[in-house]
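This briefing is meant to be read beside the sequence and the structure.

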Amino acid sequence: MISAALPDNEEMRLVDLAFYNLQDTDTEEDFDDLSVLVAQYFDCPVALITVIDNDRQWFKGKTGTTETGNTRALSFCSHTLLQPTIMVVEDASKDERFFDNPVVAGGVKVRFYAGTSIISVNGFKLGTVCIFDVKPRKMSDIEKSALLLFSKQITKLLELRKNNILIRRHSEELLVFKNDIFASFIRGQEEDMKKIAFNLHEDFAQGIAASLMILQVAKSNKLQSDNLINKATRQLKEILVNMRALSYTITPQINDWIATDELVLQFIEKIAVAFPFEITVENTGKLEAGSTDKMLCAVRVIEQWLKVLLKKSDIKNVHINIAFDEPFTVSIQDDGAVENLVSRKKDVHESTVYDRVHAQGGTIELSDSSIDENVLRVVLPFSKDASVGSLK
C-alpha cells in the first residue's frame, strides 16, 4: 500500500478548509441526498462526499456505508487530491497503491473507484466526491463529465452552507451587540436618575430653600416686600428653566441603525415587572425604526405615565400601543375608573409628560369620559422643526 504525498499547497488548503467549518461534523441531509443521486446515476453501491483534513477523512455525505470516515493514509481520496481532474481505479486489486489496502484485501473487497476533487471558490481542494464498486469496471467520458458536474454542484452547496454560517454568526453577534446597546441604554437611564437626584438636591433644593427664605423675609419687611418677592420669583423661574433644561439634555446614546421599536418594547418588558397591573404592548406601525429622539421621548412618557397610573389602586390592565409611522404615536389605555378631563389634565401637567411632548413639538390627546375608557395618546411628528405641542 502506498500513501499519497501531500499537495504542494497543503498549508493553504487546510486554512481554506477551516473557513467551511466541516471538520469533525456529522453528515448532513443535503449532502446525503446528493450522495444518493450520485450512486443512482452511476449505478454504484457506495457514493461519498468527503472532507480531507491533515490526517483524517470525513464523510460529509454518504450512501451504501455506515462508516463516518477513516485515516488519510488509508484513503483513496488522498490520492485524488493529487490528480488534475478525475482519478479512476478500474481494479484496485491490481493497483500497487491499493492492492493491500484493508478495504481491498479485507472483507469489503473494493475493486472499482472513481473520484474527483471538490474545489473551493479560492481554488483549493477541500475533499472529493467519489464512487465505489465491488466489481471491476470502466468509466466513460460522459460519466467522467457527469462526476465533474456533481463536484461543481457540491462546491456551490458548500459555499451556500458557509455563507449561511457567516450570516448566522453575524446575526448572533448583532443580537449580542443590540442587547449590549439596550443594557447601555438602561444604565443611561440610571445615570439620568442619579444626575437628576444630584441636581435636585445640590442646586435646585438649595435654590428653592433660598427663595422660601426671601419670601419669609418679605412677609415681615413691608418696605422691601415687592423687591424681595420679585427676586424670589426670578430665582424660582430660573430653577424651573434649569430643571427643564436638565430633563431635555439627558439623552443616552443609541445607534441610529438599531431598530428603535425593539428598544421601546424591550424597555417596557424590563420595567413591567415593577408594576402591580398587567401590561400588554404592541407595535402597529408600518416602520420598524424612528428617530432616537422620538424613541427616548416615548420611553420616558410611558415610564412617567405608568407611575401616574401606579397611584390609582383600581387599575388591573394597561395596554400600550406604539406606532412608528408618520406621525409617531403612543397610546396608553387603562381599565381604571373613568376620570374627567380636568383630573387627567392635572395628572399630565404634574408629571413630566407634558414637558417632554412639548419639547418634541407633539400633542397629547385625552379620551373624553363619555367613551367609558381612560386613554392617553401622544402624537409626535417626525419633522424636527415641528410646531409647538399642545394638550387636547
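The points below describe a predicted model and are grouped by topic.

**Confidence**

- The mean pLDDT of the chain is 81, and 79% of the residues score at least 70.
- Among the elements of the chain, strand 4 (residues 86-89) has the highest mean pLDDT, at 97, whereas strand 12 (residues 390-391) has the lowest, at 58.
- Over residues 251-258 the pLDDT stays under 50, and the model has 21 contacts beyond four places in sequence for this stretch.
- Residues 384-389 also stay under 50 in pLDDT, with 11 contacts beyond four places in sequence in the model.
- Where pLDDT is low, the predicted coordinates should not be read in detail.

**The second largest pocket**

- The second largest pocket holds about 390 Å³ of space, and of the 20 residues that line this pocket, F59, T65, V103, V110 and F132 are the closest to its centre.
- Two or more lining residues come from each of strand 1 (46-52), strand 2 (56-63), strand 3 (69-71) and strand 6 (125-133).
- By class, the lining of the second largest pocket consists of 12 nonpolar, six polar and two charged residues.

**The cavity**

- One cavity of 30 Å³ or more is counted in the model, and the volume of the largest cavity is about 30 Å³.
- The residues lining the largest cavity are I49, T50, V51, K60, I118, L126, G127 and L158, with strand 1 and strand 6 as the elements that give two or more residues.
- Strand 1 makes the greatest contribution to the lining of the largest cavity, with three residues, and the lining as a whole divides into five nonpolar, two polar and one charged residues.

**Aromatic pairs**

- The structure holds eight aromatic pairs, one of which is the tilted pair of F76 and Y113, with 5.2 Å from centre to centre and 45° between the planes.
- This pair links distant parts of the chain, since F76 lies in the loop between strand 3 and helix 3 (77-80) and Y113 lies in strand 5 (residues 112-119), 37 residues apart.
- F76 has a relative accessible area of 4% and is therefore buried, and Y113, at 0% relative accessibility, also counts as buried.
- F76 pairs with F132 as well, here edge-to-face, at 5.6 Å from centre to centre and with 75° between the planes; F132 belongs to strand 6, 56 residues from F76.
- F132 counts as buried because its relative accessibility is 12%, under the 20% cut-off.
- Ring pairs join F76, F98, Y113 and F132 into a cluster.

Definitions and conventions: Residues are numbered from 1 along each chain as its sequence is written. This is a predicted model: local features need pLDDT of at least 70, side-chain atom pairs count only at pLDDT 80 or more; totals for chains, interfaces and linings use all residues. Side-chain values use heavy atoms; hydrogens and water are left out. pLDDT is the predictor's confidence in each residue, from 0 to 100. Helices (H or I, at least four residues) and strands (E, at least two) are DSSP runs, numbered from the N terminus. Contact means heavy atoms within 4.5 Å. On a 1 Å grid over the protein atoms alone, a cavity is a set of points where a 1.4 Å probe fits but cannot get out, and a pocket is an open set with protein on both sides within 12 Å along at least five of seven lines; lining residues have an atom within 4 Å of a point. Grid points are joined across faces, edges and corners, and a volume is the space filled by probe spheres set on the points. Ala, Val, Leu, Ile, Met, Phe, Trp, Tyr, Cys and Pro count as nonpolar, Asp, Glu, Lys and Arg as charged, and the others, Gly among them, as polar. Rings of Phe, Tyr and Trp (its six-membered ring) pair if their centres lie within 6.5 Å; planes under 30 degrees apart count as stacked, over 60 as edge-to-face and the rest as tilted. Buried means under 20% relative accessible area, exposed over 50%, partly exposed in between (1.4 Å probe, protein chains only).
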